[in-house]
Amino acid sequence: MKQGFALFRKQAGGMSMLFFGYMFCMLAVGIIPLLGQLLPVILVPVFSVAFAQGCLNIDQGKRVLPSLLLSGFRKPAFPVLFGLGVLYIVVAIVALGISTLIDNGTLWQVVTGQLSQKEAALRPNVSLAILLAMAVYVPAAMAFCFAAPLIYWQKVSLGKALFFSFFAVWRSLSAFLVFAASWSAISLITSQLLVMLFGTGSIMYQLMIPLSMILTIIMHCSFYAAYRQIFGLPVDDSKKVSLDKPAD
């Protein structure tokens with residue numbers, strides 16, 4: 001996490017511009033009829049590569065430019081990254097679908113906006129359904145964690161990227177539990193401080209937006225730092241050692 005903060009400080013403006021470009025692309029994709037609700041989620045792995053490449057540029061002393069948003073759209077990585085996004089949607093649907101066996105679709109209705117959280121809290125078995133959905137989703141999240149940068153930098157297949165990512169997180173599980181708990185604490189504490197200082201009025205929400213943006217960017221930087229710690233510093237294609245062909 002400290003390395004993520006350090007990366008952001010080096011080129012805060014460049015990474016912020018990259019994030020604004022990403023948000024603009026998400027809004028543009030969201031207005032597409034029919035596919036507008038699915039494409040922003042499917043393209044998350046594609047755009048996540050841009051933030052990872054931005055962090056690598058910082059490591060290499062290069063500028064972070066908005067053109068990095070196109071990094072994930074280059075072949076041969078794009079079809080695999082797109083497939084990763086589709087798989088993410090499938091896993092989420094499966095996790096929510098399994099939860100309906102317990103809560104009769106309450107959690108599904110909350111996620112799809114058909115039911116408010118307050119109304120859902122009054123229904124039976126919701127907590128158990130959430131735990132069941134998490135039991136399905138968390139292992140998948142471990143596999144998705146580093147899959148996108150592995151596909152982009154190591155040129156591995158979708159299956160191998162998921163495999164390497166899952167076991168990378170598993171072998172460092174205690175560190176990732178601390179990582180997740182720390183980020184949850186930071187998000188909770190900062191939001192509560194804003195509420196204490198400014199109440200729940202418009203000023204608090206106006207401050208929450210840029211703060212959430214900054215924390216999201218730093219989180220991307222932290223995931224890059226974790227990738228660098230586990231898989232090593234990414235190098236140019238001409239000098240890259242692929243996971244398909246280990247070094248001698």
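Reader: How many salt bridges does a search of the whole structure find?
Author: Keep in mind that this is a predicted model. Side chains of opposite charge can pair when their charged atoms come close. In this structure, the search of the whole thing turns up 1 salt bridge.

Reader: Which residue forms a salt bridge with R228, and how far apart are the closest N and O atoms?
Author: The cut-off for a salt bridge is a nitrogen-to-oxygen distance within 4 Å. R228 meets that with D59, and their closest N and O atoms are 2.7 Å apart.

Reader: How many residues apart in sequence are the parts that this pair ties together?
Author: R228 belongs to helix α12 (residues 202–231), while D59 belongs to helix α4 (residues 44–59). The pair therefore ties together parts whose separation in sequence is 169 residues.

Reader: Are R228 and D59 buried, partly exposed or exposed?
Author: Buried means under 20% relative accessible area and exposed means over 50%. R228 has 22% relative accessibility, so it counts as partly exposed. D59, at 29%, also counts as partly exposed.

Reader: What about the overall fold: how many helices and strands does the protein chain have?
Author: Reading along the sequence, you go through α-α-α-α-α-α-α-α-α-α-α-α. That pattern goes with a count of 12 helices and 0 strands.

Reader: How much of the protein chain is buried?
Author: The chain has 248 residues. The buried share of them is 38%.

Reader: Which residues of α9 are buried?
Author: Helix α9 (residues 147–154) is mostly covered, with 8 of its 8 residues buried. The cover includes α4, α5, α8 (126–144), α10 and α12. The buried residues are A147, A148, P149, L150, I151, Y152, W153 and Q154.

Reader: Is T200 buried or exposed?
Author: T200 is found in the loop between α11 (173–198) and α12. Leaving out neighbours within four places in sequence, T200 is in contact with V195 and Y205. With 57% relative accessibility, T200 counts as exposed.

Reader: Are α1 and α2 roughly parallel or roughly perpendicular to each other?
Author: The axes of helix α1 (residues 2–10) and helix α2 (residues 12–30) come within 5 Å and cross at roughly 95°. Angles of 65 to 115 degrees count as roughly perpendicular. The two helices are therefore roughly perpendicular.

Reader: How do the residues of that contact of α1 with α2 divide into nonpolar, polar and charged?
Author: On the α1 side you have F8, R9 and K10, which meet A12, M15 and S16 in α2. The contact divides into 3 nonpolar, 1 polar and 2 charged.

Reader: Which helix has the lowest mean pLDDT among the elements of the protein chain?
Author: The mean pLDDT of the chain is 86, and 90% of its residues reach 70 or more. Among the elements, helix α10 (residues 158–171) has the highest mean, 96. The lowest mean, 66, belongs to helix α7 (residues 117–121).

Reader: Where else should I be careful, say over residues 244–248: how many contacts does the model have there beyond four places in sequence?
Author: Where pLDDT is low, the predicted coordinates should not be read in detail. Over residues 244–248 the pLDDT stays under 50. For this stretch, the contacts beyond four places in sequence number 5.

Conventions: Residues are numbered from 1 along each chain as its sequence is written. This is a predicted model: local features need pLDDT of at least 70, side-chain atom pairs count only at pLDDT 80 or more; totals for chains, interfaces and linings use all residues. Side-chain values use heavy atoms; hydrogens and water are left out. pLDDT is the predictor's confidence in each residue, from 0 to 100. Helices (H or I, at least four residues) and strands (E, at least two) are DSSP runs, numbered from the N terminus. Contact means heavy atoms within 4.5 Å. A salt bridge is a side-chain nitrogen of Lys or Arg within 4 Å of a carboxyl oxygen of Asp or Glu. Buried means under 20% relative accessible area, exposed over 50%, partly exposed in between (1.4 Å probe, protein chains only). Axes are lines fitted to C-alpha atoms, for helices over the stretch in contact, and angles run from 0 to 180 degrees between N-to-C directions. Angles under 35 degrees count as roughly parallel, over 145 as roughly antiparallel, 65 to 115 as roughly perpendicular and the rest as oblique. Ala, Val, Leu, Ile, Met, Phe, Trp, Tyr, Cys and Pro count as nonpolar, Asp, Glu, Lys and Arg as charged, and the others, Gly among them, as polar.
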